[in-house]
Amino acid sequence: MARVRHGDTVMVLSGKDRGKTGKILRVWPERDRALVERINLVKHFERRGQQQQAGGVIEREAAVPLAKLAPVCPRCRKPVRVGWARAGDGPKQRQCHRCHEAIS
Ligand SMILES: [Zn+2]
């Protein structure tokens, strides 16, 4: 089961975007990487084409290793480690390691 999922708000723990938060746009579990909104921006050079008039430099997100990301607990409001809990025979649920609040 994945520690982080599409749509989660995560904080970056290391690197140049350390301390920033963003929403996960895409996850590649097999590559242990995710795309996070406005995190790890790289400059990308677009040639002037038929579709777009302008061309020039645009910024876009690059994949971030999952090890650098932690979900932000809605109660602690901090990046937390993910624990797992199971209510009865129900499915495993993610929860905050610190306060045991469920992370949907
Ligand atoms: Zn918590």
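Me: In this predicted model, what makes the five strands an open sheet, and in which order do they stand?
Reply: The order is β6-β3-β2-β1-β7, with antiparallel pairing. β6 (64-65) and β7 (69-71) stand at the edges with a single partner strand each, so one side of each has no neighbour in the sheet.

Me: How do you know that β1 and β2 pair?
Reply: Two strands pair if there are at least two bridges between them. Three bridges join β1 (residues 9-12) to β2 (residues 21-28), so the two count as paired, and they run antiparallel. Methionine 11 stands opposite threonine 21 in β2.

Me: What makes the 16 residues a nonpolar core?
Reply: The term requires buried residues of the nonpolar kinds joined through C-beta atoms within 7 Å. The largest such core has 16 residues, and among those with the most contacts inside it are Val10, Ile24 and Val36. β1, β2, β3 (33-36) and β7 each give two or more residues to this core. β1 gives the most, with three residues.

Me: Which residues does valine 36 touch?
Reply: Leaving aside residues up to four places away in sequence, valine 36 touches Val10, Gly22, Lys23, Ile24, Leu25, Glu61, Val64 and Leu69.

Me: Why is strand β8 called hardly covered?
Reply: A buried residue needs 20 or more other C-beta atoms within 10 Å of its own. Among the five residues of β8 (residues 82-86), the count that reach this is zero, so the strand is called hardly covered.

Me: How do you know that β8 pairs with β9?
Reply: At least two bridges are needed. Five join β8 to β9 (residues 92-96), so the antiparallel strands pair. Glycine 83 has glutamine 95 in β9 as its bridge partner.

Technical notes:
Residues are numbered from 1 along each chain as its sequence is written. This is a predicted model: local features need pLDDT of at least 70, side-chain atom pairs count only at pLDDT 80 or more; totals for chains, interfaces and linings use all residues. A residue is buried if 20 or more other C-beta atoms lie within 10 Å of its own, exposed if 12 or fewer, and partly exposed in between; C-beta atoms are placed from the backbone. Helices (H or I, at least four residues) and strands (E, at least two) are DSSP runs, numbered from the N terminus. Two residues are in contact if their C-beta atoms, placed from the backbone, lie within 7 Å.
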